[in-house]
Every structure is written in C-alpha cells, then in structure tokens.
Amino acid sequence: MTRNAKKYLHGPNPAISMNATYYKGQRSVYGRDTNPTWEHLEEEIGRLEGGLCTVFASGMGAIASMIVGISKSQRLFLASDSYNGTRRLSELLVKVGRLDLTYATPNDIRSKTFLNDARPGDIFFFESPSNPELNVYDISEIAAACKDLGMLVAIDSTLATPVLQRPLSLGVDVVIHSLTKAISGHSDVLGGAVVVADGDLDADFKLRRSLFGAIPSAQDAFLILRGLKTLEIRMERAVANASRAFSVLYDRIGSSELRYPYHPDSDTLEVAKSQMKSGGSVLSVIFEGAAQADAFVDSLSLFHRATSLGGVESLAERRAFHRGEDSTHPGLVRLSFGVEPWEELKDDLLSALEGVGL
Ligand SMILES: Cc1ncc(COP(=O)(O)O)c(C=O)c1O
C-alpha cells in the first residue's frame with residue numbers, strides 16, 4: 001500500500017501519463033527513457049525491496065537487460081534450475097558467440113564448488129525459491145562468497161515477492177522480478193523489474209532499458225500499481241491456501257513427492273525460515289509420470305489449467321509440457337495458489353487426487 005496519503009496530485013491513484021515526449025520542468029524527456037507512471041511504480045517496488053528500481057515490459061525484459069549486457073570477458077554462472085526462459089536466452093547468446101556461460105547445479109551451488117573457477121567481474125544468477133523445483137539456497141552465504149571473489153550476484157526473487165524475502169538486505173547486488181506474477185497479481189498484465197542498491201548500477205539498467213526498448217506502457221504500469229496495493233493481503237491468503245494444501249497433500253501422498261520451501265523434511269527448511277517469512281504460494285507435486293499428472297490436472301475444476309503463477313486465481317500445470325523443460329520431471333505439476341476459499345480448493349484437490357487413485 002502507498003503509505004503517503006498525499007502522494008498523488010489528484011487522489012489515491014496517479015495519473016496515467018500518455019506522452020511519448022514531454023517536459024519535466026525545463027527538461028525535455030522522451031518516453032522511452034522514463035515516464036511519470038513508471039516512476040510511481042518504481043518508487044513503490046523500490047521501497048518494498050529497499051533499493052532503486054527500473055521497471056520493464058516483462059520479466060524477460062528485465063532478465064535480458066542483465067544477461068545481454070554481460071561482456072565476453074565476464075562469465076555468467078547460471079543456476080541450472082533457473083526459469084526456462086532465462087536458460088533459453090542464455091543458450092541463444094552462447095549460440096551466437098556472445099556469452100560465456102557455465103551452469104551451476106543445485107549441488108554445485110550448495111557446496112559452492114562452482115566458485116572454484118570464478119574470477120572477479122563474473123556474475124552469478126540464481127533463483128530462490130527456484131521455478132518450478134522450489135529449491136531454496138542460502139542467499140546471504142552465497143552472496144558473501146561471491147562478493148569475496150569480486151563477483152556480481154543477481155537473484156530472480158519472483159516466487160518470494162518482496163513481502164516474503166528482501167535479497168538486497170542479504171547482500172545480493174541485483175534483484176529481478178517478473179511483475180506479471182504476484183506483484184501485479186491478476187493475470188492481466190506483463191511486467192518486469194530490476195532493483196539494485198548501487199546508483200551507478202541503477203543508471204546502467206535504466207540506460208539498457210531505454211536502448212533495448214523493453215519499456216512497459218503507462219497503462220500497464222498503472223495496472224501493476226493497482227495490483228501492488230493488495231500484494232500483502234493477497235499473499236497472506238494465497239500462502240495460507242498453499243500451506244494448508246501442503247498439509248493435505250503430505251498426509252495423502254507422502255513427503256518425497258512434494259516440493260515446497262517450508263517442507264518440514266527438507267534439508268533447507270532452516271535456511272528457508274531464516275530468509276523467507278513463509279513458504280510462499282506455490283508448491284509442486286511429483287506424480288508417477290506424465291499420464292497421471294495430466295489426469296490430475298484435468299480432474300481439477302476450480303484450478304485453471306494454465307501457465308504462470310501468483311494471480312488471484314489458482315492455477316495448475318504440468319511443467320514438462322513446455323519447451324525448455326526437458327530437465328523437469330515429466331510428472332511435476334506446479335500449483336499456484338490464489339485467494340479462493342480454502343474449503344473449495346481442498347474439495348477440488350481431494351476429488352482430483354481420488355480421480356487418479358491417490
Ligand atoms: C521465475 C520467473 N522469472 C521470470 C519469468 C519471466 O517473466 P515474464 O513472463 O514476465 O517475462 C517467469 C515467467 O514465468 C518466472 O516464472
């Protein structure tokens with residue numbers, strides 16, 4: 001929520017600024033460089049994350065602004081469980097000879113062995129929790145180890161949102177979000193954000209946005225701002241639904257088939273509890289194989305069968321269905337919890353489980 005009641009000139013909402021070119025005082029401004037409606041959104045996200053924010057047309061726009069800007073003399077160490085779009089973009093740049101890429105597996109990251117090869121100026125980019133495996137990494141430990149080597153550390157914190165986790169305070173240099181997900185929260189707009197603590201880095205990202213042209217529209221920035229007003233209360237409800245669903249699934253199908261940051265039997269539970277306020281609104285279930293997973297998703301009636309996550313509607317999908325998800329278990333179903341009444345979600349889940357004999 002906006003904390004300052006007198007913030008906008010006209011009332012509780014900012015104006016949607018529809019100008020490709022305008023004056024700010026004496027200064028002539030071009031609409032690809034900045035826009036007053038984006039600036040309101042940047043201020044809000046920056047306040048939540050505790051840094052300086054640049055908004056983009058999509059999460060991939062934000063990710064591209066970082067990865068495309070990496071020089072050949074710097075190596076990108078990328079977590080191998082990263083979002084498939086991040087991996088596919090990196091591999092595309094390798095293919096055209098523009099990026100020196102090394103994947104770090106979850107074991108490499110936890111043991112920090114990927115750092116054996118790292119040099120000052122290299123970049124480590126990871127997700128915690130990761131999508132869709134929901135692996136959790138010790139953010140402050142990794143950030144400190146990378147910083148000791150003079151590396152830049154970036155995290156995609158989309159699944160946690162700034163309500164649950166604030167990576168800049170844990171030592172990370174660059175925080176990336178897909179605003180398409182919980183931050184906007186209504187599955188009706190795409191957006192992305194980069195948040196940093198350092199002023200020079202911030203200016204660099206704003207320049208890249210302008211030159212790459214990965215800019216959001218003013219209407220999209222307004223919609224994201226509107227969604228942001230209820231982020232905290234939406235997350236509260238969605239997290240409560242996800243954690244109740246986890247308990248039901250745990251009792252019904254057992255421990256090893258479930259992925260959730262606050263999984264009680266996970267080796268990373270204590271780390272998750274130390275850096276995330278709750279387990280989040282997304283959990284993954286590993287079914288026997290594709291056929292059982294598809295049958296489960298088909299049996300759900302309240303959950304939409306759709307990609308994406310973080311919206312007010314609960315969504316379910318078998319991730320390996322998508323291009324770029326070859327390394328994901330064929331039976332993995334990601335459940336993104338919305339804000340529907342818990343009893344209705346519970347009935348839907350239980351009858352879909354029964355439908356596949358579980
Ligand atoms: C973790 C994560 N990061 C980035 C993205 C890309 O965001 P967008 O779809 O807004 O480009 C996604 C999209 O699903 C995602 O799940």
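How many salt bridges does the rule find across the interface of domain 1 and domain 2? The rule finds zero, a salt bridge being a side-chain nitrogen of Lys or Arg within 4 Å of a carboxyl oxygen of Asp or Glu. The structure is a predicted model, in which local features need pLDDT of at least 70 and side-chain atom pairs count only at pLDDT 80 or more, while totals for chains, interfaces and linings use all residues. Residues are numbered from 1 along each chain as its sequence is written, and side-chain values use heavy atoms, with hydrogens and water left out.

The protein chain is assigned domain 1 (21-228) and domain 2 (231-355), with bounds that come from an automatic or database domain assignment. The C-alpha centres of these two domains are 25 Å apart. In contact (heavy atoms within 4.5 Å) are 32 residues of domain 1 and 33 residues of domain 2.

The size of an interface is often given as the accessible area lost when the parts come together. Domain 1 and domain 2 bury about 2,700 Å² between them, and 56% of this area is on carbon and sulfur atoms. Buried area here is the accessible area (1.4 Å probe) that two parts lose on being put together, summed over both. Across the interface, 15 residue pairs, both at pLDDT 80 or more, are in polar contact. A polar contact is a pair of N or O atoms within 3.5 Å; within protein, one must be able to donate a hydrogen and the other to accept it, and residues adjacent in sequence count only if both atoms are side-chain atoms.

On the side of domain 1 that touches domain 2, the elements that give two or more residues are α3 (84-95), α6 (161-164) and α8 (218-228). Helices (H or I, at least four residues) and strands (E, at least two) are DSSP runs, numbered from the N terminus.

Most residues other than glycine have a negative phi, and most peptide bonds are trans. In the loop between β6 (123-127) and α5 (139-148) lies Pro-129, which is joined to Ser-128 by a cis peptide bond with omega of about -5°. Pro-132 is in the loop between β6 and α5, and the peptide bond from Asn-131 to Pro-132 is cis, with omega near 10°. Leu-134, also in the loop between β6 and α5, has a positive phi near 60°. Leu-134 is buried (under 20% relative accessible area), at 6% relative accessibility.

Ser-187 has a positive phi near 55° and is placed in the loop between β8 (174-178) and β9 (192-196). With a relative accessible area of 47%, Ser-187 is partly exposed, a class that lies between buried and exposed (over 50%), with a 1.4 Å probe and protein chains only.
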